[in-house]
Every structure is written in C-alpha cells, then in structure tokens.
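User: I would like to go through this model with you, one topic at a time. Could you take my questions as they come?

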Amino acid sequence: MVVVGAGMIGAACADTLARSGRRVALVDRGPVVGGTTGAGEGNLLVSDKTPGPELELALESLLLWRQLADELGAEALEYEPKGGLVVASEPQALGALRALAGRQRRVGVRAETVAAGALREWERHLAPGLAGGVYYPQDAQVQPALAAAALLRRARAAGRVELLAGVTVTGLAQGRVDTDTRGTLHCGAVVNAAGTWGGEIAALAGAALPVLPRRGFVLVTEPLPPLVRHKVYAADYVADVASGSADLQSSAVVEGTAAGPVLIGASRERVGFDRSLSVPVLARLAAQAAELFPALRAARVLRAYRGFRPYLPDHLPAIGPDPERPWLLHACGHEGAGIGLAPATARLVTQLLDGEQPFMDPTAFGPGRFGKEQP
Amino acid sequence: MRRTPLRLVGARPEPGFEFSFDGEPVAALPGQTLAAALWQAGRLAWRRTRVGDRPRGAFCGMGACYDCLIELDGVPNVRACLAPARPGALVRTQRGDGHDELR
C-alpha cells in the first residue's frame, strides 16, 4: 500500500492499515504534519455538524479518539474531553441553535441547554447580556501534530510502515507510484490523503477531484491564567462552516490550552494558496473574541498562524475508491474537520479495502459525486 | 585593553542614567535595552516561570522567544530585549503570567 500525505488522515490510515496486516509506505513531499494538520486547533467536534453523514462519521470518530487516548495515553495526544459551549448573542440566533440541538439529539448527540443566567457558571469570564447557549459534552480537543506523530510512531513500531518524508509523488498508475528520489513504489492500492492538495494527486492519476483551499487564521495570545475552560464559540460559526461563499466569514472560536495561551479562530476565505498575513482578518477575529470574553482585551497576541482547509463544494469529504480507478482510494477534503474525522475515515478506508461491510453507508462521500468536471 | 561593544564600534554615547530594578539602581546608556543594561550589571535572570518558578532571562535576544519578559512601570510581559531603558523607569521581576487580575 502507498498512502500519500503524512498529515492526520494519512497517519490514521497508515496506522489502521498496518494494524489490518498490510505493509504501508507513507509518502509526503514535506515533513510530517507540514500541511493543514500543523496549522489547525485540533477540534474534535460534533456540535457544529447538522444531522447527516458527516455527523454520523464524527460520532464514530469521537468514540475512536477516546479509544486512542486510552491506548496511547491522553497526554501523548494532549487529548482533552473538555466539551464545547456554543453561545448566542441574540434571541433569534438562540432559537436556531436550540432547534439544531434538538435535531442533533435525535441522532445521538448529547446537548444540554444552558440558560442565559447560567452561562457564567460554565465560563466565568463570558460577556454579560448573551441570550443563552448549548453545552456539548462530547466535543473534545487534541494537539494535532502530537496526535499524528503518536499514531505514526505506533504504526512504525509495528514494523509494517515506512515513512518517506521529503519525497514527492510524480506519477500514479495501477500498481505503481513514481517518486522523485525513491524510484517507483510497487503497490496494490494507493490512498490519497493529501488533504488540500488531494486534487493534484488525483490529477496525477488522470482523475478529477475538486478540492480547493479555504484559508483560516488562528491568533495565539500570551500565556494567561485559566480563563476559558471549554471550547467556546458563537452560534454564527455553524452557518459560517456551511457557507459556500468565497468571501470572508469569521466568528469567534475561543479556547484555552494546557500551556496557557488562548487560541482564537476562526476565519474562512477562498483566496487560493495565498499565505500573506491579513491584518483586517486578524483584527476582526480579535474583536469578536473580545466581545465574547471582555477580559481578553487585556491580553496581547503573540503570533498568528494560518492554514488551508481542504474544501469540497458540498462540504463533505471524499472517502472511497475513485469511480474509474478502484486501486485509488481518496481520503481527503475534510475541510476544517479532518482531525476529528481522521480515525473513522481510516476505519472506513480499511473496511472498503477489505471488502467488509462498512460501519456506515459511505455513498455520500463517494469521490465520483462531482462528475468529471475539472475544478 | 578590554574589548567592549562600545569600543568595537568606537561609540561616544550620551551621558548615562539609572533605572530601578526590584528597588536597586541599575546603570544604563541611552539606546540600551533593559536586557542589555541588566546583563551589563551582572543580572542574568528577571523572570520566574509559570510552572516550577524557575529563573529566566534573555534567550534569543531579538524579540522572538518571549523568554525575557519583565514588568516595566507596572506593565507585565514586556520583552526586556526590545524595550529601551529610560531614566527613572521602575522595573521589576516578573512572576508567572503577570495576569493576576484575571485569576
């Protein structure tokens, strides 16, 4: 097997495939977690997903993450089952949030209504005057680079996974993967876990997969006393995630870290692979976070980082065999949810390869659903 | 003759001054950073870590690592390697994250 892409999805696939008895070469043109995995917050969320296939995948994935934390040690992943608190500033937004929570509950999401007056029992520093919120105890967090590295370490220790970092794939065909410095790798199947660059890998095989980058910034504050206990975000975030617009969307997503800094997201823009720093976006993120947590006005921002979410037009990942190339399995396009969805994605890929009955119906993730259009 | 940065560049600085560090006077020259003046005075540490209360001072010396944080005129988390020394400044050892008001 060859897995292309040493991010979270590739690491999870390599681990699961190796545990199913396969030998795996994991190839990445850069270092481990050099792409989107290294530029995210490590969200494991059910709260931001509407009922449907992605939520079904997320629920399974969160169970698998809990299992991984047991097997590898919560500290090794910085796994924190901290729960998510979604807050609404206006009654209308609160109504929509509670309606969503009601629909989520019917498919197995745990969601507890939090009255306006009780919000500050959950988060002491929240701004006064918010309309109310919903608490999601299943939401959790990992440090994505550590988590991917821990999975890879286990996979390699089993002796069946070879990591080829800094090796670029130059050609793909049935039974073979051509590389720039390691010659041709002969294999039975290929997993495309190249994330935001998954479309380029597909194109090497003559396939079309319209993955586009959706840029996001994260602000990092100076270390602070424990100020934010859960993952806290504004209800507008759910609408931003689902939006198809290329324009800038931003809504406050705020969380503390074990080391002290507070992380502030989340912006979404379709600007290609433009890495330049956008001060207006950073200012907007900071202002929105300070609206939720006025105490943050006193905090300084040390730095900002950015990354590119792998965006597919219907916001669902591509998981499964290419419609015309059964030897090529796609596992990319998870947008901003790839860390959370990685273990269940790896499970689905392995089950599809094994010809087993998959734990869920993968039709909605079928890579052929976009037709033959070029991105 | 002892080599000093001033000698190496043939500097003729303006008259020096003093600021206060934890109540003690420290000599400085115009344009010197707090870190440079403290080093010259033989002080290498001016912060205690959040975890473990260990001593810290200048590490990168160029504003990137945030190890040299210090309290300047009541403001915590100032980078000593970037902040210029000023006459009469009240400089103190920084303890922890400097944000006790948020506790």
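User: What separates the centres of domain 1 of chain A and domain 2 of chain A?
Analyst: The two centres, taken over C-alpha atoms, are 27 Å apart. This is a predicted model, in which local features need pLDDT of at least 70 and side-chain atom pairs count only at pLDDT 80 or more, while totals for chains, interfaces and linings use all residues. Residues are numbered from 1 along each chain as its sequence is written, chains are lettered from A and ligands numbered from 1 in the order in which they are written, and side-chain values use heavy atoms, with hydrogens and water left out.

User: Which residues belong to each domain of chain A?
Analyst: Domain 1 covers 2–73 + 143–210 + 314–370, and domain 2 covers 84–137 + 212–311. The bounds come from an automatic or database domain assignment.

User: How many residues are in contact between these domains?
Analyst: On the domain 1 side 23 residues are in contact with 34 residues of domain 2 of chain A, where contact means heavy atoms within 4.5 Å. Glu41(A), Ser47(A) and Glu335(A) lose the most area on the domain 1 side, together 28% of what that side buries.

User: And what area is buried there?
Analyst: About 2,200 Å² is buried between the two domains, with 61% given by carbon and sulfur atoms. Buried area is the accessible area (1.4 Å probe) that two parts lose on being put together, summed over both.

User: How many salt bridges cross that domain interface?
Analyst: The rule finds two, a salt bridge being a side-chain nitrogen of Lys or Arg within 4 Å of a carboxyl oxygen of Asp or Glu. Glu335(A) and Arg214(A) form a salt bridge through their side chains, at 2.4 Å from N to O.

User: Now the chains. How many residues of chain A and of chain B are in contact?
Analyst: In this interface 12 residues of chain A are in contact with 10 residues of chain B. The two chains bury about 990 Å² between them, 57% of it on carbon and sulfur atoms. Pro223(A), Pro225(A) and Arg300(A) supply 44% of the area that chain A buries against chain B, more than any other three residues.

User: What is the salt bridge count between chain A and chain B?
Analyst: That count is zero.

User: Changing topic, how many disulfides are there over all chains?
Analyst: There are zero disulfides, a disulfide being a pair of cysteine sulfur atoms within 2.5 Å.

User: Are Cys65(B) and Cys81(B) buried or partly exposed?
Analyst: Cys65(B) is partly exposed at 30% relative accessibility, whereas Cys81(B) is buried at 9%. Buried means under 20% relative accessible area, exposed over 50%, and partly exposed in between (1.4 Å probe, protein chains only).
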